[in-house]
Amino acid sequence: MASLQQSPAIKGAKVLMVGAGGIGCELLKTLALSGFEDIHIIDMDTIEVSNLNRQFLFRQKHVGQSKAKVARDAVLRFRPHISISSYHANVKDSNFNVDFFKQFNVVLNGLDNLDARRHVNRLCLAAEVPLVESGTTGFLGQVSVHVKGRTDCYECNPKPSPKTYPVCTITSTPSKFVHCIVWAKELLFAKLFGDKNQDNDLNVRSSDSTGSSEQAEDVFERKANESIEQYGRRIYDHVFGYNIEQALSNEETWKSRNKPRPIYSRDVISAELMQQNGNSDKAGSAGDPLSVSAMASLGLKNPQDLWSLKDNSRVFFEALKLFFGKREKEIGSLCFDKDDPLAVEFVTAAANIRAASFGIPLHSLFEAKGIAGNIVHAVATTNAIVAGLIVIEAIKVLQKDFDSYRMSYCLEHVTQKMLIMPVQPFEPNKSCCVCSETPLTLEIDTNHSKLRDFVEKIVKAKLSMTSPLIMHGSSLLYEVGDDLDDAMIANYSANLEKVLSSLPSPVTSGTMLTVEDLQQEFTCNINIKHREEFDEENEPDGMVLHGWTQVPTKPKDDDDKPPTGNGDSSKTSQTETVEAEAEVVVKINIEEIGASGNKRKAPDSRDISTDPPSNDVNEATAANHKKVHKIDDGDDEEELVMLDHWDIDTNKKQKLR
């Protein structure tokens, strides 16, 4: 180690770390102890109590402070002679551009979401700086090297898409508990405690409303002089009673489905019990919002207990009362947060009441929180191993030891006498739209889809562009930027609301659009193919992008289970499941592991396999076959992962990214 620390390649290297969480803490420590003397860290997050069990550079006194800054200060205490620069910022900020990346010899990722990983990948490609990617989930981990022109880029291989559900499934015909969670979190919670002006599918008018919809009263608006108990009963009866009756009126819907039953508060909880419901003095202090708890108020202690319909109703009413009684100032601006006990209690109770209505098994608060927040369990030892592997690959990159580059996998069980499996990197994928500039094809209804749909669902959601520019030939259809004048902004805003075929330069079947992100220095061409009909269940976006390196996930029966992996998330859209995106799966020939020949070719998307492993795989290896999902998490940085199975019997192994 001493001779390695004196290596000019290490001592003179300028290293950028992105992420200072679970992997990042271990990585910064290992870099400092390995002789690196110029390290830069970017992380936008602050320290939370839940980080302290594995992000060892942080202490209780640091909660609420910048991860990047605290990590820097902690390491400088035992390596005061080195230079560490911290940035409490988002890596997607405009000041972290290609010129910023060009100053570094290598970039090391410890990120927590696919979107940011893609962004860093593109900046590294544009700046021609090597990237070392990483991730862990539980006992599983992975490290990979990406060097422009020599290996595949991070986006060369497919990333399974997050499973989505049509809005109608969430609002009208739920069949799984996860549907009820999404309804309670993204619709009911948002409507009651978020922006009340935001329309969503709970805006069904009450049965006693008369006249036009403009004159009808919004049932979610609390009336003057209305007690919180009266308001709570009115909301309860509307969403669990009246709305269900309205749904039942459409008999066609229930011909092949079990009919739900309307639930009214009077049938579940008496007026007398309602008056006695909860003890607000035990619920927590209004000065500390995160201490307020309906469970504490009601004397419910075990989050793993399965509440009855009556208990769920009591929690629903008590949580509503506490929000209005102790946290009224926050109402109108609240978003669901998995670390907010009262929010989790309300969503659990509401989801369970809805589940009872539709004949879906109820879940405990512990289970519901795992589903709603994508909560999974981290293993500090895996983070430490992965951090060490990152540094090993970074040293190879700095020493230009190309033949020794390896992608490494940490396994939970011994496979071929190994717990860490090294694999040669892939060659660049010639069909990759990012590093090979291969055109994409988009099937879309050009007569009904607006430019806004294209921007939100394709350009931002799938291509992960942050500052997009869209051109049709020489005609500029859309652009964002600080240097736009008011007339340009108004023009582009107007274009967003036009259907594609009605744009100033009409987009029809056969049109070639050029989409560019100036910050990422990434450009791709998209061929437009007009299509009028889409499968609502399998193609909920109403458009399909081909040639983009992502494969659809297989239908699963375990939607109601919280994902397995490191990290958690409070960020899901209305139609998303709370399962987060899984990482990519590609085939690897196990016989080639450790070979010193040419890098293997990147697989075509046709080679992607999601078939179950053969029945005669040995027991130890089979334990590595469990499907694991990467979690899109706002505060944990240690997540990337393995998926599905390794076909040992056919000498095929699946690489996950």
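Biologist: What does Tyr-231 touch?

Modeller: Leaving out residues up to four places away in sequence, Tyr-231 touches Leu-192, Val-219, Phe-220, Glu-221, Arg-222, Glu-226, Leu-320 and Phe-324. Each of these is a contact, which means heavy atoms within 4.5 Å. This is a predicted model, in which local features need pLDDT of at least 70 and side-chain atom pairs count only at pLDDT 80 or more, while totals for chains, interfaces and linings use all residues. Residues are numbered from 1 along each chain as its sequence is written, and side-chain values use heavy atoms, with hydrogens and water left out.

Biologist: Why is Tyr-231 called buried?

Modeller: Buried means under 20% relative accessible area, exposed over 50%, and partly exposed in between, with a 1.4 Å probe and protein chains only. Tyr-231 has a relative accessible area of 0%, so it is buried. Its place is in helix H9, residues 228–248. Helices (H or I, at least four residues) and strands (E, at least two) are DSSP runs, numbered from the N terminus.

Biologist: What makes E11 an edge strand?

Modeller: E11 (475–479) pairs on one side only, and E14 (543–546) does too. Two strands pair if DSSP finds at least two bridges between them. Six strands make up this open sheet, in the order E11-E10-E12-E13-E9-E14, and the pairing is mixed.

Biologist: How do you know that E9 and E13 pair?

Modeller: Five bridges run between strand E9 (residues 440–444) and strand E13 (residues 522–530), in the parallel sense. Five meets the requirement of at least two, so the strands pair.

Biologist: Why is E2 described as mostly covered?

Modeller: Four of its five residues are buried. E2 is joined to strand E1 (residues 15–18) by four bridges, and the two run parallel. In one of these bridges, Leu-16 has His-40 in E2 as its partner.

Biologist: How do you know that Lys-69 and Asp-73 meet in a salt bridge?

Modeller: A salt bridge is a side-chain nitrogen of Lys or Arg within 4 Å of a carboxyl oxygen of Asp or Glu. The N to O distance for Lys-69 and Asp-73 is 3.0 Å, which is within that limit, so the pair qualifies. Both residues are in helix H4, four residues apart, so they are separated by about one helical turn. At 46% relative accessibility Lys-69 counts as partly exposed, and Asp-73 does so at 25%.

Biologist: What makes Glu-456 and Lys-460 a salt bridge?

Modeller: Their closest N and O atoms are 3.7 Å apart, so this pair also meets the limit. The two are four residues apart in helix H16 (residues 451–460), again about one helical turn. Glu-456 is partly exposed at 38%, and Lys-460 is partly exposed at 31%.

Biologist: Which parts of the chain does the pair of Asp-115 and Lys-92 link?

Modeller: The side chains of Asp-115 and Lys-92 meet in a salt bridge, at 2.2 Å from N to O. Asp-115 is in helix H6 (residues 114–127), whereas Lys-92 is in the loop between E3 and helix H5 (98–102), 23 residues apart. The structure holds 25 salt bridges.
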